[in-house]
Amino acid sequence: MTSTINISMNARVWAMLIVLSMLWGGSFFFVGVVVTDLPPLTIVALRVGIAAITLWIIALMIGLRPPKELRVWGAFLGMGLLNNVVPFALIVWGQTQIASGLASILNAATPIFAVVVAGILLPDERVTPLKLVGVGIGFVGVVVMIGLPALSGGGSFIAQLAIIAAALSYAFAGVYGRRFKAMEINPIITAAGQVTASTIVLTPVALMVDGPLDVVAMSGDTWAAIAGLAVLSTAVAYVLYFKILELAGATNVLLVTLLVPVSAILLGSLFLNESLEVIHFVGMLLIAIGLSAIDGRLWRRIKLAKV
């Protein structure tokens, strides 16, 4: 039996979504640092492995214990494949072939897939015209903010398809992950189980494809970026992800991919002295309009006020 959730988002959930977008926005920076020193599968294996250790330490410290049921670990494996193994590998590999700006735009297609996939598979997240319009406006906002030249700086067509496939995998993961609420599993345990299953799958593959990791040759900057990627952009981020998924549903949690470019640009202006231009604010406004349409409450109030 599918549990019913409130698919509108209150102020608390919006705040969590913004924090999540900042954590995932930082992942593009961290990957940009390490991708020149480490091969893609090794990066992904380190990311989920260190995140798993971090999350289990937190879980044990607060008195949570790993589940013993085989069906729960089977669900963790499915979630890990859809939400970590497939998209992480595709995105990291794609970023070796195309610019990060284009990768961000293609990744922002995730809510488009999420609206369609959730609308087909989940009875309480049906597709509505307002949702489709909102996703379209938000996606245009991402393109405007990052810049149309990013679309022409394509590089490998296969790499672009890889990022799009990752976005589709995220959409299915959002739908698949709804089962953990019905199973009454704590979001920290869900996050830990997911990245643990991903580590079990990825570690032998990374060793076979990339070879053993040369720990001595890694610089301090590389280790710092790996730590940031694993602890902040994976461990902490996925606790928030599963909590938002539990509270607001698959479509709403994946709206974060529209906010990630906003966070990345704002973080760049705060910490890297990058300039904010008018076009960035225009893009952010379009994204805000799109998000409000997907949420729907403001638009319903406007409609009622006119009646």
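1. A crossing of two helices is right-handed if the near helix is turned clockwise from the far one by less than a right angle. In this predicted model, H5 passes H8 in such a right-handed crossing.

2. Now the geometry of that pair. Helix H5 covers residues 110-121 and helix H8 covers residues 157-176. Their axes come within 8 Å and cross at roughly 40°. H5 and H8 are therefore oblique to each other.

3. Which residues in H5 and H8 meet? On the H5 side they are Thr110, Phe113, Ala114, Val117, Ala118 and Leu121. On the H8 side they are Ile164, Ala167, Leu168, Tyr170, Ala171, Phe172 and Val175. By class, this contact has 12 nonpolar residues, one polar residue and no charged ones.

4. Next, the core. The largest nonpolar core has 94 residues. Tyr238 and Tyr241 have the most contacts inside it. Helix H11, residues 220-248, gives the most to this core, with 12 residues.

5. Neighbours within four places in sequence aside, Tyr238 is in contact with Trp24, Asn83, Asn84, Phe88, Tyr170, Ala191, Gln194 and Val195. One of these, Tyr170, is also among the H8 residues that meet H5.

6. Is Thr196 buried or exposed? Thr196 is found in helix H10, residues 187-210. Its relative accessibility is 16%, so Thr196 counts as buried; the cut-off is under 20%.

7. What does Thr196 contact? Leaving out neighbours within four places in sequence, Thr196 is in contact with Ala52, Trp56 and Trp73. Thr196 and Ile50 are 146 residues apart in sequence. In space, C-alpha to C-alpha, Thr196 and Ile50 are 9.4 Å apart.

Note on methods:
Residues are numbered from 1 along each chain as its sequence is written. This is a predicted model: local features need pLDDT of at least 70, side-chain atom pairs count only at pLDDT 80 or more; totals for chains, interfaces and linings use all residues. Side-chain values use heavy atoms; hydrogens and water are left out. Axes are lines fitted to C-alpha atoms, for helices over the stretch in contact, and angles run from 0 to 180 degrees between N-to-C directions. Helices (H or I, at least four residues) and strands (E, at least two) are DSSP runs, numbered from the N terminus. Angles under 35 degrees count as roughly parallel, over 145 as roughly antiparallel, 65 to 115 as roughly perpendicular and the rest as oblique. Contact means heavy atoms within 4.5 Å. Ala, Val, Leu, Ile, Met, Phe, Trp, Tyr, Cys and Pro count as nonpolar, Asp, Glu, Lys and Arg as charged, and the others, Gly among them, as polar. A nonpolar core is a set of buried Ala, Val, Leu, Ile, Met, Phe, Trp, Tyr and Cys residues joined through side-chain atoms within 4.5 Å. Buried means under 20% relative accessible area, exposed over 50%, partly exposed in between (1.4 Å probe, protein chains only).
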